[in-house]
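Please keep the sequence and the structure open while reading.

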Amino acid sequence: MKSTADLISMKNNDRIVMVTAYDYPSAKLAEQADVDVILVGDSLGMVVLGYESPVQVTLADMIHHAKAARRGAADTFIVVDMPFGTHHTDVNEGIKNGIRLYQNSDANMIKMEGADSFDVIRGLVKAGVPVCGHLGLTPQHFGITGFKMQAGDSEQAEQLLKDAKALEAAGASMMVLEAIPMDLAKKVTETVSIPTIGIGAGIHTDGQVLVYHDLLQYGSDRLPKFVKPYADINSVAVEGLTNYRNEVKSRMFPTEETTYKKRVYE
């Protein structure tokens, strides 16, 4: 398994491949594909639990899903999201929640959205908890920002660059840059000494992350602009389920081959 130091050393030397996966089977397959990092994101609220946003996801949800992912990927570096409301208000409470998540999830690192929790990050790093930051489009703030490109003018871009520097100074070991202009992502990547992981941020970041269900088209029907699908599980799954339904209706299933043949009644 890679360590935090290994990931930092990959900056400027190798591309970091991250996949967002939320459970045992998806994490297991991601590990078999030899990805570098699995992110158990709070996007599970929408992708797996059917919520309209990540806002309803709890700390208990994140612990539950991260532990499942760990059981599927025992040898892969795992990052887990701090959910909405667990680190934005009170610094001490944020540190306490971060330690709880790290201690109980079996993850190697926790991720925190936004530029408003630098004191929490400092406290967590001091306590020995590796932290990944997240700037640009932060889905927990969708009610204010919407799901669209961020930092689209020079003033906003300068602020994001300042935030990235402050995030590094606070002790973060890595940062996700989501839905920002490619040239800004390039500037941030060149400015900070920690790896940047892009999602909708262009080619110049140190690594890329996509959601398992998006890149495999598994249960997802609307793909963001920045997603390239690499398989179509939806079509295969619907075809298989339809064939199963038809065979049950027509009494073609089960067959002799799928039936226990021992007789208990004469």
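Where does Asp-42 lie? In this predicted model, Asp-42 sits in the loop that runs between strand E2 (37-40) and helix H3 (44-47). UniProt, in an unreviewed entry, lists Asp-42 as one of the positions of a "binding site".

**Binding-site positions**

- The UniProt feature "binding site" (unreviewed entry) covers Asp-42, Ser-43, Asp-81 and Lys-111.
- These positions are spread over 70 residues of sequence but cluster in space, with a largest C-alpha distance of 12.5 Å.
- Asp-42 has 3% relative accessibility and therefore counts as buried, the cut-off being under 20%.
- Not counting residues up to four places away in sequence, Asp-42 touches Pro-54, Val-57, Met-62, Asp-81, Met-82, Pro-83, Phe-84, Glu-113 and Gln-140.
- Asp-81 belongs to strand E3 (residues 77-81), and its relative accessible area of 3% makes Asp-81 buried.
- With neighbours within four places in sequence left aside, the contacts of Asp-81 are Leu-39, Val-40, Gly-41, Asp-42, Met-62, Leu-101 and Lys-111.

- Beyond residues up to four places away in sequence, Gly-41 touches Thr-20, Tyr-22, Met-62 and Asp-81.
- Gly-41 and Val-19 are 22 residues apart in sequence, and their C-alpha atoms are 9.7 Å apart.

- UniProt (unreviewed entry) places the feature "active site" at Glu-178.
- Glu-178 is part of strand E6 (residues 174-178) and is buried, at a relative accessible area of 9%.
- Ser-173 is found in the loop between helix H8 (154-170) and E6.
- With a relative accessible area of 13%, Ser-173 is buried.
- Apart from neighbours within four places in sequence, Ser-173 is in contact with Thr-4, Ile-8, Met-109, Val-131, Ile-194 and Pro-195.

**Ala-107 in the loop between H5 and E4**

- Ala-107 lies in the loop that joins helix H5 (91-105) and strand E4 (109-113), and is buried, with a relative accessible area of 7%.
- Ala-107 touches Arg-70, Ile-78, Val-80 and Tyr-102, residues up to four places away in sequence not being counted.
- One of these residues, Ile-78, is 29 residues from Ala-107 in sequence and 5.0 Å from it in space, C-alpha to C-alpha.

**Helix pair H2 and H4**

- Two packed helices are described by the angle between their axes and the distance between the axes.
- The axes of helix H2 (residues 24-32) and helix H4 (residues 59-72) come within 7 Å and cross at roughly 40 degrees.
- H2 and H4 are therefore oblique to each other, and their crossing is right-handed.
- On the H2 side, the contact is made by Tyr-24, Ala-27, Lys-28 and Glu-31, which meet Ala-68, Ala-69, Arg-71 and Gly-72 of H4.
- The residues of this contact of H2 with H4 comprise four nonpolar, one polar and three charged.

Technical notes: Residues numbered from 1 in each chain as written. Predicted model: local features only at pLDDT ≥ 70, side-chain atom pairs only at ≥ 80, totals over all residues. Heavy atoms only, no water. Axes fitted to C-alpha atoms, helices over the stretch in contact; angles between N-to-C directions. Helix = DSSP H or I, 4+ residues; strand = E, 2+ residues; numbered from the N terminus. Parallel < 35°, antiparallel > 145°, perpendicular 65-115°, else oblique. Left-handed = near helix turned anticlockwise from the far one by under 90°. Contact = heavy atoms within 4.5 Å. Nonpolar A, V, L, I, M, F, W, Y, C, P; charged D, E, K, R; others polar. UniProt positions renumbered as here; feature names shortened; annotations may be inferred. Buried < 20%, exposed > 50% of the residue type's maximum accessible area, 1.4 Å probe, protein only.
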